[in-house]
Amino acid sequence: MKYQETLNWMFAQLPMYQRQGASAYKVDLSNTIKLASYLENPEKRFKSIHVAGTNGKGSTSHMLASILQEAGYKVGLYTSPHLKDFRERIRINGDKIEKEYVIDFIDTHKTFFEKNKLSFFEMSVGLAFQYFSESEVDIAIIEVGLGGRLDSTNIITPEVSIITNISLDHTSFLGNTLAEIATEKAGIIKKNIPIVIGRSTNETTNVFIEIAKKLQSPLYFAEKFDCELYPSDLKGNYQQENIRTVLQAIDLMIPKGWNISNESIKRGLKNVVKNTQLLGRWQILQQEPTIICDTAHNEDGLIETMKQLKYETYNQLHIVLGVVNDKDLDSILPLFPTEARYYFCKPEISRGLDEKILQKKSANFNLIGNKYDSVKSAYHTAIQNATPKDIIYIGGSTFVVAEII
């Protein structure tokens with residue numbers, strides 16, 4: 001198969017949570033363990049850092065990768081979802097996995113995938129681990145896809161584990177309370193492996209303390225870490241929390257023999273986008289008008305991005321908004337500013353919420369605007385309506401941002 005044919009097969013035949021939702025969610029790690037064994041356990045042949053959390057895990061993972069690259073290491077990076085190309089999920093020192101490798105991996109193991117009915121995510125994790133192993137990376141930053149305990153990445157034994165924060169998201173899978181969700185995400189904590197918590201709450205702190213104590217895992221709350229927060233090219237005040245989390249994790253790696261200087265840390269934080277090609281985090285696409293896109297899509301993430309918008313100066317705010325159909329609109333729509341002009345649209349995936357429904361629901365929260373039959377139509381109309389001193393914000397869903405970048 002050619003590359004695009006390979007991707008079409010992956011997307012069409014194997015469940016993919018980001019596109020399909022609940023039908024793609026697996027309830028145990030048996031398939032992943034079976035796949036790892038079949039591939040001769042590539043995850044045991046490289047060092048790793050495991051990153052979970054509701055928000056910020058992508059930024060945190062990319063910051064860590066950038067710092068370790070600046071320190072001279074060969075660094076693998078596994079993240080999800082992708083914005084434009086599947087290969088964004090699997091990188092080494094910022095370079096995407098080769099198309100030929102993806103094609104060969106699928107062709108070679110296709111019979112096994114079909115026989116065992118592996119999910120899209122299980123297959124992708126196997127691909128990443130095999131690629132990092134064969135490429136002999138010094139270390140790989142592995143971002144959890146969903147949850148933690150039952151996530152397909154949760155077969156590694158990392159140098160350090162990180163849980164950035166906990167908020168209500170994917171409640172149908174992870175639980176309806178912060179404590180329940182924290183328990184799921186704390187499933188990445190491994191015996192005797194240090195665990196860093198980026199942000200704790202009254203509901204989650206005891207969960208982490210109890211599980212870490214049971215596993216004899218040294219527990220660190222990054223909020224208590226006294227350090228200088230170096231500047232980063234990842235914009236948004238909300239990144240300060242992620243920077244502190246990263247610095248706490250790096251501080252724990254140095255005694256393990258990792259040679260990471262302050263200069264490497266400073267350069268790494270300053271060059272995250274350059275070193276890792278990260279997209280969609282408070283990304284400014286142009287000026288006059290200023291066009292900003294951000295992949296924040298749940299309550300916690302949107303609270304931060306809407307707070308960041310308040311620091312911006314503009315004459316008129318235009319918001320291109322689209323969401324997926326399982327989003328809790330009653331929790332996120334009140335976060336958006338009522339003075340903005342809205343352009344409601346549906347991302348081009350099966351889970352996309354119809355723009356007419358979004359427009360109607362938004363009106364209940366005094367968010368007023370027109371509906372458009374595509375993201376691009378909404379975006380281009382916003383550009384036509386905006387003056388040089390306006391701001392256009394694009395968000396609500398990773399898939400909306402992906403169609404614009």
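Mentor: Two strands pair if DSSP finds at least two bridges between them; strands (E, at least two residues) and helices (H or I, at least four) are DSSP runs, numbered from the N terminus. This is a predicted model, where local features need pLDDT of at least 70, side-chain atom pairs count only at pLDDT 80 or more, and totals for chains, interfaces and linings use all residues. Residues are numbered from 1 along each chain as its sequence is written, and side-chain values use heavy atoms, with hydrogens and water left out.

Trainee: Thanks! In strand 6, which residue is the bridge partner of Ala52?

Mentor: Start with strand 1 (residues 47-52) and strand 6 (residues 160-163), which run parallel and are joined by 4 bridges. In the bridge that involves Ala52, the partner in strand 6 is Ile163.

Trainee: Which strands stand at the edges of the sheet of 8 strands?

Mentor: This open sheet has mixed pairing and the order 4-3-2-5-1-6-7-8.

Trainee: At about what angle does helix 9 run to strand 8?

Mentor: Helix 9 (residues 202-214) lies across strand 6, strand 7 (195-197) and strand 8. Angles here run from 0 to 180 degrees between N-to-C directions, with axes as lines fitted to C-alpha atoms, for helices over the stretch in contact (heavy atoms within 4.5 Å). For helix 9 and strand 8, the angle is about 155°.

Trainee: On to the sheet of 6 strands: in strand 10, what is the bridge partner of Gln286?

Mentor: That open sheet has the order 9-10-14-11-12-13, with mixed pairing, and its edge strands are strand 9 (283-286) and strand 13 (369-371). Strand 9 runs antiparallel to strand 10 (residues 290-293), with 3 bridges between them. Gln286 has as its bridge partner Ile291.

Trainee: Is the crossing of helix 4 and helix 11 left-handed or right-handed?

Mentor: Helix 4 (residues 57-70) and helix 11 (residues 262-270) pack at about 130°, with their axes 7 Å apart. Handedness asks whether the near helix is turned from the far one, by less than a right angle, anticlockwise (left-handed) or clockwise (right-handed). This crossing is right-handed.

Trainee: Which residues of helix 4 meet helix 11?

Mentor: On the helix 11 side, the contact involves Ser264, Ile265, Arg267, Gly268 and Leu269. Facing them from helix 4 are Met63, Ser66, Ile67 and Glu70.
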